[in-house]
Amino acid sequence: MTVKPSGFEPALLPPVLFEPDQTDPYLAKAVELRNIFAVDAVERDQQGGRPTEQVRLLKESGLVNLLIPKEFGGEGQPYSTALRIVREFAKVDGSLGHLFGYHFSPIQNALTGGSDERSAAIILRQSAEGRWFWGNTTNSFSKSLFGKRIEGGVLLNGYRPFASGSHVADYLMVAWEDEETNARSFAYIPANRNGITIADDWDGIGQRQTGSGRVLYKDVAVKDEEILPERPRDPAALLIPQQQQSVLLNVFIGSAQGALIAARDYTITKSRPWIYSGVERHSDDPWIKRQYAELWTKVQAATALADRAAVAIDTAYAKGPALTAEERGATAIAVASANVLAGKVALEVTSEIFEVMGARSAVRPYGFDRFWRNVRIHTLHNPAEYKTRNVGSWFLTGDYPEPGIFQ
């Protein structure tokens with residue numbers, strides 16, 4: 001893998017680390033794009049803003065249609081393929097991994113939403129034909145966007161925060177509360193609809209190009225035919241949290257892998273041995289060898305658990321309406337376990353790499369700090385403590401977590 005901030009040439013050594021199976025054409029295309037994204041990843045992270053050219057390349061590649069069934073013009077691939085691509089992008093650019101993974105949320109909602117003919121026959125087909133890129137304005141906690149019934153639809157006023165992908169989206173999934181009943185509704189609407197303003201005001205320490213700021217709504221009309229029917233409460237439809245948590249955990253995995261590879265290359269080509277180490281090359285220092293071994297082992301373990309979770313969610317989606325509550329619960333435990341370990345390991349790895357690279361690595365032109373910043377801000381999405389408690393409770397009692405927004 002090539003991680004190439006300005007002024008830094010990676011080592012060309014035999015080991016191929018964390019590379020996916022490129023006999024899979026979709027993963028091969030992802031690797032090709034990853035290497036393109038790596039060229040200016042540091043500069044784009046520091047600038048923030050919109051990864052417009054990168055999203056154009058994603059759409060051009062056809063990877064945006066990865067999960068849409070072939071009958072609707074898509075590629076019909078399993079969810080795990082999308083997750084592995086999230087990892088590849090996150091190795092160099094956590095923002096693009098995040099955006100690519102979250103792009104599929106509305107698509108998966110359409111696939112698991114029951115007998116909604118509009119979502120299945122119209123949205124999926126049109127999305128495939130247009131290679132739409134999706135964003136969302138559905139933040140669960142914010143009661144800041146309200147709808148008023150009008151003839152033929154609803155009029156929206158207010159805003160939604162944490163609207164990842166909205167700044168580069170063709171279409172948005174939007175959620176609002178009815179101003180009288182407080183009932184929550186969803187719709188799919190074009191991102192350029194009159195009255196929508198993409199504030200593009202995200203200023204987090206990490207994930208600098210995700211556009212996770214506010215989207216403002218001023219008298220935005222949503223037609224009745226765009227409003228989604230109430231979703232079923234069957235186990236398959238309740239997989240949404242596992243879908244989203246899977247994206248997060250694979251951003252963690254990709255970031256940890258990318259940070260470790262970048263650090264190794266820097267250590268071999270740039271790092272100088274400590275004056276008291278007694279060695280001529282930094283990589284010959286026993287301390288450095290030991291710490292890299294520990295980081296490698298941790299990342300390997302987290303990756304294995306993430307792979308197991310990906311198999312679990314593929315299996316759950318494949319069952320469709322036949323998925324049982326117990327099977328859904330087992331999937332939730334697999335994803336939660338992987339998420340907790342991936343976040344912990346990614347935080348450790350992205351911080352500790354500076355110890356093994358040395359003081360000269362901690363300068364802005366190299367941009368190694370972006371790995372930690374991206375992981376740190378993503379691990380705050382929902383507290384690991386509560387996922388850990390769910391796993392512990394299941395282990396002690398056999399009870400699966402009650403389906404909810406994050407579990």
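The model is predicted, so to speak of local features a pLDDT of at least 70 is needed, side-chain atom pairs count only at pLDDT 80 or more, and totals for chains, interfaces and linings use all residues. Numbering runs from 1 along each chain as its sequence is written, and side-chain values use heavy atoms, with hydrogens and water left out.

The chain has twelve helices and seven strands (DSSP runs numbered from the N terminus: H or I of at least four residues for helices, E of at least two for strands). Its radius of gyration, taken over C-alpha atoms, is 22 Å, close to the 22 Å from the globule rule for 407 residues, so the chain is as compact as a globular protein of that length. That rule is 2.2 Å times the number of residues to the power 0.38. Along the principal axes, the C-alpha trace spans about 80 × 50 × 40 Å. Of the 407 residues, 54% count as buried, meaning under 20% relative accessible area with a 1.4 Å probe, protein chains only. Among contacts (heavy atoms within 4.5 Å) between residues at least 6 apart in sequence, 76% join residues at least 24 apart.

As for Ser 164, this residue sits in the loop between β3 (153–160) and β4 (171–178). Ser 164 is buried, at 8% relative accessible area. Its side chain makes a polar contact of 3.2 Å with that of His 98; such a contact is a pair of N or O atoms within 3.5 Å, where within protein one must be able to donate a hydrogen and the other to accept it, and residues adjacent in sequence count only if both atoms are side-chain atoms. Leaving aside neighbours within four places in sequence, the residues in contact with Ser 164 include His 98, Tyr 102, Asn 136 and Thr 210.

Technical notes:
Buried < 20%, exposed > 50% of the residue type's maximum accessible area, 1.4 Å probe, protein only.
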